[in-house]
Amino acid sequence: MSRAVVLVARPQGEPRESDFEIRDVPDPEPAEGEVLVRNAFVSVDPYMRGRMTGVRTYIAGYELGDVVGGASVGEVVASRDERFDTGDWVSAALGWRELGVAKAGTLRKLDPDAAPPSTALGVLGMPGFTAWVGLGEIGGVEAGETVYVSGAAGAVGSAAAQIARLRGCRVIGSAGSDAKVEWLRSLGVEAFDYREVPAREALADGIDVYFDNVGGDHLEAALGALRPFGRVIACGAISRYNDERPEPGPRNLGYVVSKRLRIQGFIVFDHQPLFPDFLAEASAWVRSGELQYRETIVDGLEHALAAFAGLFHGDNVGKMLVRV
Ligand code: NDP
């Protein structure tokens, strides 16, 4: 038997322990073309909050009784596919469980000598790719522009802030603690703590692009600070994910017209064909030290919910991970 975390109730507001159960489940057996993986790390990501409501958006909601789905990395413990051997490291989508079976075609083999496998869930995985796609494909940022990144010390935000710097931009970043601000400053980001300094004040000089991870007040401040023809890369709005009913939007949306702004949302999964290009560029930056990353690791599958809930309290610096 092995353990898995199952959704048993739809969270109202912030997710609570009682919405989940840890269950012992029988060890799965791989069929032909499948691989048995022992998870080493499972990812907790803000988008999971939307899936917990059960409503289908760009991705299906979780059913009650489902193991919480999501990205994971682990080691192959049995393989019935010639592409994988026991001991291989893979990235998978096995969710919050210790042991799972995956179709071989859904796995990506990792080279643990090239980068720690956990980076496949962060800087060299979906969050890093989100930053790269957002700045390049959606924002089209150019050298010399001023880019504001909210949630700048998080997984996506820290990658976005640094990639924008690598593209020759001036970068302003907001985060919610002194330690986060200090880290961002060490990366060349003009960082401020939004709990101490209102974003409106910090952005008073104006910005060309806003990479939005937070929504709410941050979006409103950014709309005020954007210069004519500025762009909003609408990546996420974590400040609103636990709302029980939608709040009214920014009060100054009129600026979109008067300043001729463009707001473009995106979902990273639509850009999957570009993943190899991202991985080649980002891996080289990580090797050279130009793209730095941090991880906040919570030990024990039984603490997956605490790690997940921690995303909404800023408990993480860089990527939040659960070590299984
Ligand atoms: P993070 O690692 O950034 O973790 C979340 C962070 O958000 C926290 O550490 C906290 O940092 C900040 N935060 C939480 N609540 C608030 C709040 N009320 N106000 C301000 N900041 C808050 O998560 P990710 O990097 O994984 O995701 C960042 C964003 O990107 C999310 O909105 C997510 O939904 C989005 N996303 C979008 C994708 C897409 O395809 N469009 C793909 C992946 C992610 P602090 O201490 O600074 O408050």
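Helix α2 (126–138) gives the largest share of the lining of the second largest pocket, three residues. Helices (H or I, at least four residues) and strands (E, at least two) are DSSP runs, numbered from the N terminus. The model is a predicted one, in which local features need pLDDT of at least 70, side-chain atom pairs count only at pLDDT 80 or more, and totals for chains, interfaces and linings use all residues. Residues are numbered from 1 along each chain as its sequence is written, and side-chain values use heavy atoms, with hydrogens and water left out.

The second largest pocket has a volume of about 580 Å³. Of its 26 lining residues, A71, A92, A93, M126 and F269 are the closest to its centre. A pocket is an open set of points on a 1 Å grid over the protein atoms alone, where a 1.4 Å probe fits, with protein on both sides within 12 Å along at least five of seven lines; a cavity is a set where the probe fits but cannot get out, and lining residues have an atom within 4 Å of a point. Grid points are joined across faces, edges and corners, and a volume is the space filled by probe spheres set on the points.

At least two lining residues of this pocket come from each of α1 (47–52), β5 (89–92) and α2. By class the lining has 14 nonpolar, nine polar and three charged residues, where Ala, Val, Leu, Ile, Met, Phe, Trp, Tyr, Cys and Pro count as nonpolar, Asp, Glu, Lys and Arg as charged, and the others, Gly among them, as polar. Domain 1 (2–122 + 294–323) and domain 2 (126–269) each supply at least three residues of the lining; the domain bounds come from an automatic or database domain assignment.

The ligand is surrounded by 28 residues, of which K180, Y194, Y241, V268 and N316 are the closest; a residue counts if one of its heavy atoms lies within 4 Å. This shell divides into 16 nonpolar, ten polar and two charged residues, and it too draws at least three residues from each of domain 1 and domain 2.

Polar contacts are pairs of N or O atoms within 3.5 Å. A polar side-chain atom of N316 lies 2.5 Å from a ligand oxygen atom. For R195, the distance from a polar side-chain atom to a ligand oxygen is 3.4 Å, and a polar backbone atom of A237 is 3.5 Å from an oxygen atom of the ligand. Taken alone the ligand exposes 920 Å², and the protein buries 91% of that (Shrake-Rupley method, 1.4 Å probe). The elements that give two or more residues to the shell are α2 and α3.

Helix α3 (residues 155–166) also gives the most to the lining of the largest cavity, with three residues. The structure holds one cavity of 30 Å³ or more, and the largest cavity has a volume of about 70 Å³. Its lining includes T119, A155, S158, A159, R294 and K319.

Terms used: A polar contact is a pair of N or O atoms within 3.5 Å; within protein, one must be able to donate a hydrogen and the other to accept it, and residues adjacent in sequence count only if both atoms are side-chain atoms.
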